[in-house]
Amino acid sequence: MDLALQLLFTGIGIGAVYALVALGFVLIFRATNVVNFAQGEFSMVAAYLMVVAVEAGLPYWAAFIVALLGMALLGVVFNLGVYYPLRHRTYLPVIIATIGASILLANSVLAIYGPQPQVLEGWFETPGIQVGPVYLDSQYLLIIGVTICLVVFNFWFFEKTLLGKKLQATSQDKEMASLLGISVSTMIMITFIYSAVLGGLAGILVAPVLFVSIQMGSTIALKAFAATIIGGFGDVAGAIIGGLALGVIETFGAAYISVPYKDGFAFLVLIAFLIFRPQGIFGERVAEKA
Amino acid sequence: MKLTRRDFATGIAAGIAAPYLIKSANAQGATIKIGMCAPVTGPAAESGGYAIKGAKLALEAVNKAGGILGKQGELIVEDDQTTNPGIVLAFSKLASQPDIVGFLGSIRSTQVHAMAPDVIKLGKPVMIGGTDPNLTHMGNQWLFRCRPNDSYSGRVIAEYGVSTLAKKKWAVLHSTDAFGTAGGKALTEALTKLGAPPVLDQGYANQSQDFTPVVLAIKQSGADILGSYFTFENDLGIFARQLRQLGVNIPWVGSPSIVNITALKLAGPALYNTYGVADYAEDSSEGSKAFGKIYRDAVKVAPDNQSSWTFDAINVLSAAINKAGSTDSGKIREAILATKKFAGAEGEYNFDQNGDGLHGYNIVKNEKGNITFDKHIEFND
């Protein structure tokens, strides 16, 4: 039982990271109908920005704000440079452009900062606390807390605010939203900014656990992408549940079946969903939606 | 002027022969070229940078001392991207240059396995750092190892843990690639021979983000000592931190990556008081000390095996070419195999007929981040 509790906590912690990145995938998909394969690199860039800001002597909280502002700026540049010029094309060129952008981001950071992995200290001086038989890593506690806050915030933002409703309207039907006086391009710009900040937040939060490296984004993004499919592509709640489920499944699978095939469990679940429920947990069939 | 039939025939012959003569002239060009596959990008890019610096420092010294066959040595580096397809591509690019007389391969066994078939086809000497014992025992006569192989590291880890630390309940942890699998197997065999078969033999996939299940398995196994073979320092750093956080404080003797500069930086205090088998230990010999001084002066960081093996590889290869007196691959091969009592940064090289140059390991300890030399264990087989 002690073992299961420890595994559950760790699984939820790592799953929360997948969920944060998956949220970015979902928001951009809802707004533009394309998958942004550079979402993982947003996490990596933010972690490096944070390292640079801390090394420059900024207090941790200030470095955090600077890194997130940097990500907001990256969201603007990404929208204008990658999505906007291709917005009238089919989804395929846009997806390929995001793959190209992800390679460009990774290699740019490599060229500027070098290949050395970096250590980013966590928010807390205490690395964790022991609660009975379970060790609670303070960074994972923070990640879980932030994820819960974001679930609440997203619900409030998208359901209760005018801006959130405008974003929802844009994602559901751009032409109708435009006819109703909503600036579609502005809404898409806001979506890219928010997604870049979300991806960045995930990167900054997970950096003290996984270290800061060029590869960190792609590793997380692959699992986050699987999480969005499991949860239901395009569904915010699905991304959260999918991410958490994936984290827990792979952790328990590693502990009770096989450690070397840990990644295999995650992708087995993904394949099973693609075969038996391709719309994911919360997704609707397209025919039903119509 | 009248063009005779003989003039015409001579002209045609010269035209046909010219490209070959030019190519041959290039092959005997102003420099002696050595190719190097190194991870400039990818997860091992940092250690790749150290490897290139080690090779360049050696070549600088060789050139200052008169060069190779009276010419200056030149290093041609290709990025292997830290992947198997990457090193195959990098090696094929280098192999297509006929004036390259010898090569430096990878420190990663899995990459050396990937390039090995092309090495046989090319038939030129390739110095390697991969420690999977099979690499020099699978009939490839062109691979020459400048690090001790894992049959030695497994025996040294087992011997030190059982005899010196007096621990018999072992957990063996290793990556599931060629390096980790071979290392884990060698350690398990050595422990079994010493009457201490492991209570846990656990593999893990490279680039794991979480080691909680592994740490809990070690905890549950009741092991009183841990032996490890980690391929990537990122994995080692994450594991070390989680091991300590989850309250596992048993002695730990690891393969050389446990004392790598990158691992020490990432894991920090989580690696304090651990032991490592190290092919390079600065205080282990006069050659090691000399390399340490050269490297610190030039690079301003502490040396480790990433740079020491390439430093030695260039020195051994250059000396062998000079001894052979020719760039003929067969003669260079014979000269490398005849290399005995050659003082390198990693120790004394005595090549056997398989192409293994070193036959022992150092035991070092991490004392609050400083790596201190304990002892060297040499084998005669």
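Predicted model: local features only at pLDDT ≥ 70, side-chain atom pairs only at ≥ 80, totals over all residues.
After α2(B) comes B:Gly66, with a positive phi near 120°.

Helix α2 of chain B also turns up where the two chains meet. Chain B puts 26 residues into that contact, and chain A puts in 26 residues as well. Sorted by class, the chain B residues that touch chain A come out as ten nonpolar, 13 polar and three charged.

Zooming out, chain B has twelve helices and 14 strands. Its radius of gyration is 23 Å, while the globule rule gives 21 Å for 381 residues; the values are close, so chain B is as compact as a globular protein of that length. Along the principal axes, the C-alpha trace of chain B spans about 95 × 40 × 35 Å.

Now for the sheets. One open sheet in chain B has five strands in the order β2-β1-β3-β4-β5, with parallel pairing. At the edges stand β2 (72–79) and β5 (143–145), each with a single partner strand, so one side of each has no neighbour in the sheet. From one strand to the next, the twist averages 25°. Inside this sheet, β3 (residues 100–104) and β4 (residues 126–128) of chain B pair in the parallel sense over two bridges, and B:Phe103 has B:Val126 of β4(B) as its bridge partner. Helix α3 of chain B, residues 84–95, lies across β1 (31–38), β2 and β3 of that chain. Relative to β2(B), helix α3 runs at about 145°.

Another open sheet in chain B is built from seven strands, ordered β7-β6-β8-β9-β10-β13-β14, and here the pairing is mixed. Its edge strands are β7 and β14 (370–378) of chain B, each of which pairs on one side only. The twist in this sheet averages 20° from one strand to the next. Helix α6 of chain B, residues 178–193, lies across β6 (170–175), β7 and β8, and runs at about 160° to β6(B).

Helices α11 (residues 305–324) and α12 (residues 329–337) of chain B pack at an angle of about 115°, with 8 Å between their axes. Their crossing is right-handed. From α11(B), the contact draws on B:Val316, B:Ala320, B:Ile321, B:Lys323 and B:Ala324; α12(B) answers with B:Lys331, B:Ile332, B:Ala335 and B:Ile336. By class, that gives seven nonpolar and two charged residues, with no polar ones, in the contact of α11(B) with α12(B).

Technical notes: Residues numbered from 1 in each chain as written. Chains lettered and ligands numbered in written order. Helix = DSSP H or I, 4+ residues; strand = E, 2+ residues; numbered from the N terminus. Contact = placed C-beta atoms within 7 Å. Nonpolar A, V, L, I, M, F, W, Y, C, P; charged D, E, K, R; others polar. Axes fitted to C-alpha atoms, helices over the stretch in contact; angles between N-to-C directions. Left-handed = near helix turned anticlockwise from the far one by under 90°. Pairing = 2+ DSSP bridges. Rg over C-alpha atoms; globule rule 2.2 N^0.38 Å.
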